[in-house]
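Trainee: Could we go through this structure together, one question at a time?

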Amino acid sequence: MQLFFDELNKMTLGEEVNRLFHGRGGLYPGAEHICLDWYPPVLLLTSFKPLESDSLDVTVELIKQRWHALKGCEALNLVYQYRSGGCTQTDLIEGDVPEKHTVVENGAKYHVHLLKGQNHGLFLDMKNGRQWVREHAQGKKVLNLFSYTCAFSVAALQGGCDSVVNIDMSKGALSIGKQNHLLNGFSVGARFFGHDIFKSWGKLTKLGPYEMIIADPPSNQKGSFVATKDYSRLLKRLPELLTSDGEVLLCLNAPELSIDFLKNQVEEFSPSLEFVELLANPGIFADISIDKALKVLKYRRKNG
């Protein structure tokens, strides 16, 4: 944990949501289980193995010291979450969490919820993916598969897309997605479908084709998507939804599955797509192995 404490003393806090420490990347031996995130005005400490009470007390005290060095007498808001498999324990250690908690990333506003569940409404490691969509969406019809709270959709509309279709099985996540659009001044331009993607090809085909498709599925969510068996199902149908000059972002956040796993799946099940590039993750998410980190691969239709 000493390496985490050393990095803590270098920590700065800006106005936007951000990861501050990424132990999961394996670059800080002894602190691989620790992450620290800044969801203004709240710090979120996450541990992927249980912290003994003494260790947690020391960690909280050092966070307090750094906070007061940066913020003076301003009250600290600190949430601690322990995760292990499907088990999650979340505690408010200090201060409060806003009832309606809104954060900003690249000028876009998003609702987040830190006190329930493992997913807080915005995946911070996908920041560069959202930025890429923002920069390339101008005038395009966009399909956002496994849209969750629709952050990609907000980014596409910020980038001037013609329209965007969001589809996800979770109607609750889509409800937050609709709120995210309104937060950013987008009352038109987006559609939302709380459907099973694998049962909705007809509807998606009718609304297409699309110049940009984003697929960011869960890696292992029983009843929704399991990458090892369902990515092939997705890839078999994806090209028929794409225009002749269309682009696809394929995402995979499974440390146990490599970049080559996804490339091989595309080669076998979507041979009409060609690989363009691997998008870089934000620097704070640096990983000892590129295969264990979030993977965001850009593809396009092959010429001819």
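**Salt bridges and a buried histidine**

Mentor: Start with Glu-274, which is partly exposed, with a relative accessible area of 25%. Partly exposed sits between buried, under 20% relative accessible area, and exposed, over 50% (1.4 Å probe, protein chains only). Keep in mind that this is a predicted model, where local features need pLDDT of at least 70, side-chain atom pairs count only at pLDDT 80 or more, and totals for chains, interfaces and linings use all residues. Residues are numbered from 1 along each chain as its sequence is written, and side-chain values use heavy atoms, with hydrogens and water left out.

Trainee: Which residue forms a salt bridge with Glu-274?

Mentor: A salt bridge is a side-chain nitrogen of Lys or Arg within 4 Å of a carboxyl oxygen of Asp or Glu. Here the closest N and O atoms are 3.0 Å apart. The partner of Glu-274 is Arg-300.

Trainee: How many residues apart in sequence are the parts that Arg-300 and Glu-274 tie together?

Mentor: Helices (H or I, at least four residues) and strands (E, at least two) are DSSP runs, numbered from the N terminus. Arg-300 lies in strand E16 (residues 295–301) and Glu-274 in strand E15 (residues 273–278), so the pair links parts whose separation in sequence is 26 residues.

Trainee: Is Asp-230 buried or exposed?

Mentor: Asp-230 forms a salt bridge with Arg-233. Both lie in helix H7 (residues 227–237), three residues apart, about one turn of the helix. Arg-233 is partly exposed, at 38% relative accessible area. Asp-230 has a relative accessible area of 2%, so Asp-230 is buried.

Trainee: Where does Lys-140 lie?

Mentor: Lys-140 forms a salt bridge with Glu-247, the closest N and O atoms being 3.0 Å apart. Glu-247 lies in strand E14 (residues 242–252), so the pair ties together parts 107 residues apart in sequence. Both Glu-247 and Lys-140 are buried. Lys-140 itself lies in the loop between helix H3 (127–136) and strand E8 (141–145).

Trainee: Which residues are linked with Lys-140 in a network of salt bridges?

Mentor: By the salt-bridge rule, the count comes to 10. Within the network, Lys-140 is linked with Glu-247 and Lys-298.

Trainee: Why does His-111 count as buried?

Mentor: His-111 lies in strand E7 (residues 108–112). Contact means heavy atoms within 4.5 Å. Not counting residues up to four places away in sequence, His-111 touches several residues, including His-101, His-120 and Leu-183. His-111 counts as buried because its relative accessibility is 17%.
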